[in-house]
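The sequence and structure come first.

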Amino acid sequence: MRLDNMLIAEGVAGPEKGGGAGAAANASAAAGAGDNAIEHSDYRAKLGQIRQIYHQELEKYEQACNEFTTHVMNLLREQSRTRPITPKEIERMVQIIHKKFSSIQMQLKQSTCEAVMILRSRFLDARRRRRNFSKQASEILNEYFYSNLSNPYPSEEEKEALARRCGITVNQVSNWFGNKRIRYKKNIGKAQEEANLYAAKKAAGASPYSMSGTPGPMMSPQPGEDSMGYGIAGMNGSGYSGVGGMGYDLHPESPDV
DNA sequence: GGATATGATTTTGG
DNA sequence: CCAAAATCATATCC
């Protein structure tokens, strides 16, 4: 029963709902968010495949069940000429057959469920579609991180600002800082170089992009403002003092939201 | 193709 | 409940 419900919920079992056209329309409607439209329709297509196979198999089983039942019935009828066979016995026979076949159907349903689950995880698990952030986003995040090494915990507002500037979500900013903190701590020695590197960049000021490897064209025309205002204003005086004492420093300035 | 980097999720500790 | 730590799954580099 659970399996049935699940299959219906996933749209594998249940009403036919007009085949591909309906599914496609559904997909495009559900993908109003936009960026995941392609993956979603792909998901839909795969789901349709599963669905089709499932129904095919189901029908096949049903047919086989009927054939087998009639076959048994014929045998019984034949036997009834040599010995009396009660209707009750026939009914029992039929029930046994149906039970057998329904257990086979159960297996089909279960494996279909499994397939759907795998499909879901394949498409819905964000880990499987990881995309690296843009170069600029990494720059912005790193700048903030190394400018606030003594307290790399951006507040909610700061996270939102960073998210906007990087074109990612607040959650992603949080993830990034979580990863960065732990991975920075893991090898301070090496990362210190990076810290210095970013400190140097900050000192260099306006053009933190050193053009290391990519002779390609400049990046996107990113709507004006950016750099300046935020990053440089970092800490008070002495660059980055040793982390030695306390981490708590209230932000020297909080211009607005 | 494997080694490493990196974003996301899951587990764990306070 | 939040963040650290562990872990997963992919991207990217070589």
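## Confidence

The model is predicted, and chain A has a mean pLDDT of 72, with 61% of its residues reaching 70 or more; pLDDT is the predictor's confidence in each residue, from 0 to 100. Among the elements of chain A, helix H7 has the highest mean pLDDT (93), and helix H2 (residues 19-30) the lowest (43). Helices here are DSSP runs of H or I with at least four residues, numbered from the N terminus, as are strands (E, at least two).

Two stretches stay under 50 in pLDDT. Over residues 18-34 the model has nine contacts beyond four places in sequence, and over residues 206-257 it has 31 such contacts. Contact means heavy atoms within 4.5 Å.

Residues are numbered from 1 along each chain as its sequence is written, and chains are lettered from A and ligands numbered from 1 in the order in which they are written. Local features need pLDDT of at least 70 and side-chain atom pairs count only at pLDDT 80 or more, while totals for chains, interfaces and linings use all residues; side-chain values use heavy atoms, leaving out hydrogens and water.

## Packing of H6 and H7

Helix H6 (residues 156-166) packs against helix H7 (residues 170-186) at an angle of about 105 degrees, and their axes lie 8 Å apart. Axes are lines fitted to C-alpha atoms, for helices over the stretch in contact, and angles run from 0 to 180 degrees between N-to-C directions. H6 and H7 are therefore roughly perpendicular, a label covering 65 to 115 degrees.

On the H6 side the contact is made by Glu 156, Lys 159, Glu 160, Leu 162 and Ala 163, and on the H7 side by Val 170, Val 173, Ser 174 and Phe 177. These residues divide into five nonpolar, one polar and three charged.

## Nonpolar cores

The largest nonpolar core has 15 residues, and Leu 141, Phe 145, Leu 162, Cys 166, Val 173 and Phe 177 have the most contacts inside it. Such a core is a set of buried Ala, Val, Leu, Ile, Met, Phe, Trp, Tyr and Cys residues joined through side-chain atoms within 4.5 Å, where buried means under 20% relative accessible area, exposed over 50% and partly exposed in between (1.4 Å probe, protein chains only). Helix H5 (135-147), H6 and H7 each give two or more residues to this core, and H5 gives the largest share, six residues.

Beyond four places in sequence, Leu 141 is in contact with Phe 133, Cys 166, Ile 168, Val 173, Trp 176 and Phe 177. A second, separate core of 13 residues includes Val 12, Tyr 43, Tyr 54 and Val 116.

Technical notes. Angles under 35 degrees count as roughly parallel, over 145 as roughly antiparallel, 65 to 115 as roughly perpendicular and the rest as oblique. Ala, Val, Leu, Ile, Met, Phe, Trp, Tyr, Cys and Pro count as nonpolar, Asp, Glu, Lys and Arg as charged, and the others, Gly among them, as polar.
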